[in-house]
Amino acid sequence: MGKTAFIFPGQGAQYCGMGKDFFDAFDTAKKVYVTAGEATGLDVGELCFTENDRLDITEYTQIAMLATEVAILKVLEEKGFRADCAAGLSLGEYGALAAAGVMELPQLFWLIRCRGIYMQEAYPEGGAMSAVLGLDAETIRNICAETEGIVSVANDNCPGQIVITGEARAVQAASARLQEAGAKRCIPLKVSGPFHSGLLAGAGEKLAAELEGVEVKCPAIPYICNVEASYVRSAAPIKELLARQVSSTVRWRESMELMLADGVDTFIEIGPGKTLAGFLKKMNRDAKVINVGTVSDLECIPGLGV
C-alpha cells in the first residue's frame, strides 16, 4: 500500500479571497485565522479575503499563505485525514512544520511574520529572480558560478524549470549566457527581492535569533527540509535548517524524488493554486495529486466523508 504526503505551496499562488469558504464553513478554520491575527497583530482574515495592495508584498504574503494552508490542514485533520509525511516549497515548509506538529501555532505564525519582514528588509532594491526553462541544473549552476557578481540557483523546482536569484545585473548577465547555452526561455519574475540567495544571509541570522526562544518538538510525522532535501525526524536540526533556508537553494525536485522513491503515491497539495501538482507531473505522470484549495475540493479525497 502506498503512502500519502501533504505538500504546501509557496509565494506566487496567493489570491484575494483564498480560504474564505473554509473560514465561513468551519469553526476550526476560523480559529486558525483568529490565532494568526492574535500572534501577529494583523487582521489576517481581512488580508486574505478583501481587495488590498498588501497581499503581494512578501511580509504580508507569507502570513496570509501560511494561515490559509494551516486552516485547510486543520479541517482535514479534524475530519480524521492524516498523511505519512509532509513537505513545503519555501514558505510552504512552515505548512509542513504545522503538519508535523513541531511547534505551537502562535509561535509558527509569529516566525513566518518575522521571516517575511526580514526577507523584505534584507535587500530592498537591486535584486532579481528569473525562471530558466529547458536547461539542466548542472549547466545552470556552472554558468551562475562563472558569472561576475552574485547569482545562484534559488529553486530547483522540477526538470526543465529552475529559478535563479541574486544581484539584478548578475541575474541578467547569467540569463543571457543561459539562453546562449540552450535555455528555451529566461523569464524575469515579479518579486520584491533576491530570495534564497546569499544576499539574504542577514535575514537568516535575524530569524535564527527569533528561533532561539521557540520550543521545537520532535516531528509527529517526518517532513522534508528544503535545504538538504532530506527527511527531518528529530527536533535537533530544525532551527538551524529554518535559518539557513532563507538564503539557500530550495531543492524541491530532489525532495519530491525522495518521496516518490520512498513509496509516496498520493500527494495532497494544501492551499491555493496547482503549482506543485504541475511540478510533480513533470517528474512522474502516474503520481496522484489532489489539490485542496476550496471546500468543494474536499469531495475529491476518497473516504473523507465530506
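Leaving aside its neighbours within four places in sequence, which residues is Tyr223 in contact with?

Mentor: The model is a predicted one, in which local features need pLDDT of at least 70 and side-chain atom pairs count only at pLDDT 80 or more, whereas totals for chains, interfaces and linings use all residues. Residues are numbered from 1 along each chain as its sequence is written, and side-chain values use heavy atoms, with hydrogens and water left out.

With neighbours within four places in sequence set aside, Tyr223 is in contact with Ala86, Glu93, Ala96, Leu97, Ala100, Ser230, Tyr231, Val232 and Ile238. Contact here means heavy atoms within 4.5 Å. Tyr223 also belongs to the largest nonpolar core, which has 76 residues. Such a core is a set of buried Ala, Val, Leu, Ile, Met, Phe, Trp, Tyr and Cys residues joined through side-chain atoms within 4.5 Å. Buried means under 20% relative accessible area, exposed means over 50%, and partly exposed lies in between (1.4 Å probe, protein chains only). Together with Phe6, Tyr94, Leu97, Met103 and Phe109, Tyr223 touches the most other members of the core. Helix H4 (residues 58-78) gives the most to this core, namely twelve residues. A second core of 21 residues is separate, and Tyr231 is among its members, as are Ala5, Val264 and Ala287. In soluble globular proteins, nonpolar side chains tend to be buried together.

Helices (H or I, at least four residues) and strands (E, at least two) are DSSP runs, numbered from the N terminus. Between helix H9 and strand E7 (223-225) there is a loop, and Ala220 lies in it. Ala220 is exposed, with a relative accessible area of 67%. The C-alpha atom of Ala220 is separated by 9.5 Å from that of Asp84, although the two residues are 136 apart along the chain.

Helix H9 itself covers residues 201-211, and its buried residues are Ala203, Gly204, Leu207 and Leu211. Seen down the axis of H9, these residues fall within an arc of 100°, so they line one face of the helix. The arc is that of the directions from the helix axis to the C-beta atoms. The buried residues of H9 pack against helix H5 (92-100), helix H6 (105-122) and helix H10 (238-245).

Helix H11 (residues 252-261) contains Ser255. Ser255 is buried, at a relative accessible area of 1%, and beyond its neighbours within four places in sequence it is in contact with Ile224, Cys225 and Ala229.

Charged side chains deserve attention as well. A salt bridge is a side-chain nitrogen of Lys or Arg within 4 Å of a carboxyl oxygen of Asp or Glu, and by this rule the count is eleven. In one of them, Arg253 pairs with Asp156, with the closest N and O atoms 2.8 Å apart. This pair links distant parts of the chain, since Arg253 is in helix H11 and Asp156 is in strand E4 (residues 151-158), 97 residues apart. Both Arg253 and Asp156 are buried. Arg253 forms a further salt bridge with Glu257, where the closest N and O atoms are 3.3 Å apart. Arg253 and Glu257 both lie in H11, four residues apart, which is about one turn of the helix. Glu257 counts as partly exposed, at 37% relative accessibility. Through shared partners, salt bridges join Asp156, Arg253 and Glu257 into one network.
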